[in-house]
Amino acid sequence: MLGRSAGAAVRLRRAGAHGTARRLGREVLWAPFTLALVALLVFVLMDLAPGDAATSIAGDQGDPELVESIRADLHLDQPLWSRYGRWVGDAAQGDLGTSLVSHRSVVSSVGSVFPATASLVAIGLVFALILAFVLGVLPVYLESRSFDRLASILSAVAISMPPVWLALLLTSTLAIRFEVFPALGYVGLTDDPWQWFRHLVLPGFTVAMVPAGELARQVRGSLLDVLGTDYSVAQQVRGLPRRSVVLRHGLKNAAIPVVTVLGARIGAMVGSTVIIERIFVINGMGELAVRSVGSRDVPVVLGIVVLGTLVVLVSNLLVDSSQAFFNPRSAS
Amino acid sequence: MTGLVPDDLAARPATADLSATDPPSSDPPAAPAGRGHRLLGGLRTLLRRPVLAVAVLVLLVVVVVGLFAPLLAPYPPDISDYSRVGRSPGGPNLLGTDAVGRDVLSRLMFGARTSLFAAVETVLVSVSLGAVLGILAGYLGGWVDAVLDRINSALMSVPPLILAIALLAALGKGLVKAMLAIGLVYATRIFRVARASAKEIRALTYIDAAEVIGAGPWRIAFRHVLPNAISPILVLVVLTFAAAIVAEAGLTYIGLGVPPPTASWGSMLHDASERMELTHLLYAPGIALLVTISALTVVGDALRDAYGRPGGTSDA
């Protein structure tokens, strides 16, 4: 059994890499269609809604002739299909149109705020993983019943924590009363890395809280499952150090469902920036989305939707390919 | 057990958290008993699990307060009284007054009403759309399923709040529209679960039997498939209910939900953010939100454990 398994493992790993590559390839091919479909749905929705960008530029009481001329300028007088076709054609060449309000290109106006949102989500991810380790892995590793119970309660509270309230609590205590962290604003990573981090601590913590609770529960559950399996018991009986049993072998095998949960939360984390950026006055993608909705700046809204979707699709791909790393057998 | 893993840790079900003191066997098996038995079983479960009982009680209180806010509230919620601005809790205003002299307790009660309305609207929209289309897609299969599933997974890959914002760009502002948008977002999650259950149930023999008898596809989908797909949908409904309350607070906070001066927990948080020195303004709506969401989480977990659906991915 043991003698054969090495060769079998290699074969499995090869088959796994192959199957995964094919599945990933299919997903990559689907991604542009998914993006085009999302754009079409937004197009149709915007079309169904009363009023358009022309009326919001000219104002409700605007001169009808002025509205008509703006409409012609923006090609809004053309039928839905031709506008959508034009958008897809341009998008394929990397041109997402021009903002109706700022007259900047959508790619540059969304691109200029994207680093702030990406930083916020990245810091949020790191915080979520750290918190999940403390609340989900440490209690199992330390075999402490009271710590485990406390951590379980804290995880449940984290899942139920309304982000708006958490943000205000953090601001009123750590920023206003104790002045440990800045209450608002954003500093670019390249401008000043330390200030970048300081400004992202409170918003990052807010983004991290709910996913941290879910991850902690998931990692605790799957870790306990793994520690109950025969091979893990065998390791424990043979006297492998607990650190090796839990942190090395256990965590690697428990990682699969955990990474899946993490991948499923990325979209929600990106979405939550819509509200969290407003609270912490971060000029990011979410903040731009809210402003553009107010001015019915359809090209910008569309650009943000497409970019947000792209982030989710890419992170789904990363999750899928990491499954092959954690479990070569998963490819079948 | 393993010997090295303490039994109390190893014996616990992966999803049980707050109810961790119960052995996993304490959930009554979902026996196909009569209605009365099931109710009694439910009550027994409640008595055996104090945390769950408290959660159900909390939700009952929120519902009753929300429904009867006009009768229960000691003061009108929207009327400013500049003779009692920014009072701390205690005295005639039990939870104090806000920056323009409105009674915080009364606003909290009317805020429960807003949350309740928001959550019910979201659930109605998401279930009527997601469950109906999901069951149709899963049961019919073929190109209907392929098209609907492709559209649904495209929508699911849009970050939820960004999708809601895009929908609001089309719909406009206001609570009803905001929650319509949130309902559409969560319809995609319900669609996925309903479709999966319908696919599973469709393969069972009694569906074949119904087809042989000559029942039409609509009848089979909604008389035979739907009732059996209810449990996983119900778990999701509880999570959607919680997510809707959080979303209402968030959208109102950024000015896309309830317009002022209407009371909502989100608008109360917004008022509090403008007067950070009046801390009681921050704690009242925040604790109300946290307690309500926690209660819904506990109930959702209990339902999930009872139905044995694995995993904790609500991705709400």
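Predicted model: local features only at pLDDT ≥ 70, side-chain atom pairs only at ≥ 80, totals over all residues.
Residues are numbered from 1 along each chain as its sequence is written, while chains are lettered from A and ligands numbered from 1 in the order in which they are written. Chain B has twelve helices and zero strands. Helices (H or I, at least four residues) and strands (E, at least two) are DSSP runs, numbered from the N terminus.

**Chain B overall**

- Along the sequence, chain B reads α-α-α-α-α-α-α-α-α-α-α-α.
- Of the 316 residues in chain B, 48% are buried. A residue is buried if 20 or more other C-beta atoms lie within 10 Å of its own, exposed if 12 or fewer, and partly exposed in between, with C-beta atoms placed from the backbone.
- Take the contacts in chain B between residues at least 6 apart in sequence: 67% of them join residues at least 24 apart. Two residues are in contact if their C-beta atoms, placed from the backbone, lie within 7 Å.

**Interface between the chains**

- Chain A puts 63 residues into the contact, and chain B puts in 52.
- On the chain B side, α1 (7–10), α6 (142–156), α7 (160–171), α10 (217–253), α11 (265–274) and α12 each supply at least two residues.
- Helix α7(B) gives the largest share of that side, ten residues.
- The chain B side divides into 35 nonpolar, 14 polar and three charged residues. Ala, Val, Leu, Ile, Met, Phe, Trp, Tyr, Cys and Pro count as nonpolar, Asp, Glu, Lys and Arg as charged, and the others, Gly among them, as polar.

**Helix α7(A) against α12(B)**

- Helix α7 (residues 163–177) of chain A packs with helix α12 (residues 279–307) of chain B at an angle of about 145°, and their axes are 10 Å apart. Axes are lines fitted to C-alpha atoms, for helices over the stretch in contact, and angles run from 0 to 180 degrees between N-to-C directions.
- The crossing of α7(A) with α12(B) is left-handed, meaning that the near helix is turned anticlockwise from the far one by less than a right angle.
- From α7(A), the contact uses A:W165, A:L168, A:L169 and A:S172; from α12(B), it uses B:T279, B:L282, B:G286, B:L289 and B:L290.
- Six of these residues are nonpolar, three are polar and none is charged.

**Helix α11(B)**

- Eight of the ten residues of α11(B) are buried, so the helix is largely enclosed by the rest of the structure.
- The buried residues are B:W265, B:G266, B:S267, B:M268, B:L269, B:H270, B:D271 and B:A272.
- Their cover includes α7 of chain A, along with α5 (104–140), α10 and α12 of chain B.

**Local features**

- Most residues other than glycine have a negative phi, and most peptide bonds are trans.
- B:P260 and B:P261 are joined by a cis peptide bond, with omega about 5°. B:P261 sits in the loop between α10 and α11 of chain B.
- A:H103 is not glycine, yet its phi is positive, near 60°. A:H103 lies in the loop between α4 (80–92) and α5 (106–142) of chain A. A:H103 counts as exposed because it has 8 C-beta neighbours inside 10 Å.
- A:V281, also not a glycine, has a positive phi of about 50°. A:V281 lies in the loop between α10 (242–279) and α11 (285–294) of chain A.
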